[in-house]
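The stops below run from the whole chain down to single residues.

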Amino acid sequence: MARKTDIPPSYYGEPRNFDPSFRGPIHNRACTDVLCCVIFVIVILGYIALGTVAWIHGDTRKVVYPTDSHGQFLERKTALSILFYFNILQCANPAVLINLQCPTTQLCVSKCPDRFATYLDMQYNYRYNNSYWEYYRQFCKPGFDNPRKSVAHVLRDEDCPSMIVPSRPFLQRCFPDFITRNGTLTVANKTDFKDGLGKTRSVIDLRDAANGITSLLDAKEVGMKIFEDYASSWYWILLGLVITMVVSLAFILLLRFTAGVLLWLIIFGVIAVVGYGIWHCYWEFSTLRGKPHSDGDVTISDIGFQTDFRVYLQLSQTWLILMISLSVIEAVIIVILIFLRRRVRIAIALLKEGSRAIGYIMSTLFYPIITFVLLAICIAYWAVIAVFLASSGDAVYKVMSTQDKCMYANLTCDPEKFSQTNVTMVCPGSQCTFAFYGGESLYHHYIFVLQLCNLLVFLWLVNFTIALGQCTLAGAFASYYWALRKPQDIPSCPLFSSFSRAVRYHTGSLAFGSLILAFVQMFRIVLEYLDHKLKGAHNAFARFLICCLKCCFWCLEHFIKFMNRNAYIMMAIYGKSFCTSAKDAFFLLMRNVVRVAVLDKVTDFLLFLGKVLISGSVGVLAFFFFTRKIPVIQEEVPSLNYYWVPLLTVIFGSYLIAHGFFNVYAMCVDTLFLCFCEDLERNDGSPLKPFYMSPQLHRILRREQGSKLYASS
């Protein structure tokens, strides 16, 4: 009987013919997608030019430092480095204050007021003591020196504030100095004050005007304590992260021995848990059915919808439905295992092979550091350009009014000529206040477009960096698989060679795949923005459409990521263009779709288990250490304000480190899987066409082929 191959004829393309000259990743290759490479280089040069233009026109001080009503920013090193609000009662909330949109005059001062005072009281006391005016004048407009001017005219011209309250600087702004005494909110031990307009106001009014400021001030104190905790425990945090690196490395290397045991334990554990659930549901069902005068005969439809779901647990029908559902799930799991047991064995063998490959090419575990550095550069450059673009232009002033129906509200104005207009007569209390930085030139008109370009190129560069890492790792691990004698035939410096090939020959292809993904991500960001804008709208159809589009593009993004990843693997092996590699990868995966599904889920679950196991174990160890529950080293524990600060840092950092290590492992398994599928299609295990797979994989494959031959006969 003629021997049958492992891959049957398929509609997803034909298996490859044997090429006796093929020995793994092709070294004699040509540049691919040259046009995309040229465009990518031009875009990078344009991105550098955009950064230069933004740097010339922008000024980060406009974003970092507060700005007064005249558009001048307050630097910390200057004498007048604190922003003072004439009437903080007109400010609605702290967000308004920080965004400098409070409809009251804002002035640069050297220090905040330390006492209650009103302009009216100052005028009265000025006749007897000049010091009252000398103190009050530092909170008036520069150049104003007429303490005898009538209160009405002073307030109309905004020369001086009608009142001052004890304040302290926070975020370079004067905020009321709130203190809670015996449960009562006070400012300078007072619960009320005069507003300078003939009214007595409560401190609660100040709190409502500056809603959230007290929590911000408390947050500053908490921030200082957190900084102290980091300063006293940073070396222990670093030690915890080093332990995580060692444990992650050991876990990956040990997977070659424990992958099968772990996976089968998990599978049988799931079967046992579902089986216990079936037994428990049956026990509850039989108990309720056996009770006289119980609710066992009452159905769910009889009681209808109940907000207290415990009511349903008193019905036998509920437990019957749960028992049937769990039984179906149990049956599906068992049937899948019966039919896919050989696929699961192949997945386990590939997991073990991945651990063995990393053991031979240890340098791949440290490549994520390069990716991290490149991503940090991209993020930093994008953020700097965004800040410089946001701070480009000259000061723009707008009319700020306390009245909701002021016809001049939000219109641009000239602070020098504002007093000569009739705006204050039509809208009493209006001010010509600094709003933002802008201009009328072509550059300023297209700042928003430039911000969008900045974001698109940023997404492109980030995806390119990730793609470069995937292609580099794929080339290194492919070199391992296609070595006939392992490790003797593994080329020297496989990681560096793969990185060089990716940069030299496939920059254009990597840029092409990254650009497609960047466009999809950009569209998703636009959809998120539209969804945010439509949250308050009453157009249900528009919200439904946006929701559907968000779901579709989420699926599209993940599909493109999956296809790009496999296209880069094929590109690293054969050196073809992006489209050709993507097509070959797609057809190869479709011809092995069952193996793909099994391997993908098995790998994802094992790696997730490893991440949780490592970060959880290190987190438990850190918890016992920082809470002084390890007697041997109890005296070495630093004194902390909040033990959860270093604890959460260790847990989060451990998860990120484990994620970086296991991403390399996942890329290794995916690469070996595609190489395994290619190996099956190219070779048949004969002396002329030997398999390149490991002996373990070969034995499993031989059993699978033997079973097929036996079944066909």
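Helices (H or I, at least four residues) and strands (E, at least two) are DSSP runs, numbered from the N terminus. This is a predicted model, where local features need pLDDT of at least 70 and side-chain atom pairs count only at pLDDT 80 or more, while totals for chains, interfaces and linings use all residues. Residues are numbered from 1 along each chain as its sequence is written, and side-chain values use heavy atoms, leaving out hydrogens and water.

Color by accessibility. Of the 713 residues in the protein chain, 43% are buried (under 20% relative accessible area, 1.4 Å probe, protein chains only).

Next, select helix α10 (residues 316–360) and helix α20 (residues 644–682). Their axes come within 9 Å and cross at roughly 120°. Axes are lines fitted to C-alpha atoms over the stretch in contact, with angles from 0 to 180 degrees between N-to-C directions.

Show side chains here. Contact means heavy atoms within 4.5 Å. On the α10 side, pick residues including Ile346, Leu350, Leu351 and Ile358; on α20, the partners include Val664, Tyr665, Leu672 and Phe676. The contact residues divide into 12 nonpolar, 2 polar and 2 charged.

Move to helix α19 (residues 593–626). Its 34 residues reach 49 Å from first C-alpha to last, close to the 50 Å expected at 1.5 Å a residue. Finish just after α19, at Arg628: its phi is positive, about 60°.

Technical notes
Nonpolar A, V, L, I, M, F, W, Y, C, P; charged D, E, K, R; others polar. Expected span 1.5 Å × (residues − 1). Buried < 20%, exposed > 50% of the residue type's maximum accessible area, 1.4 Å probe, protein only.
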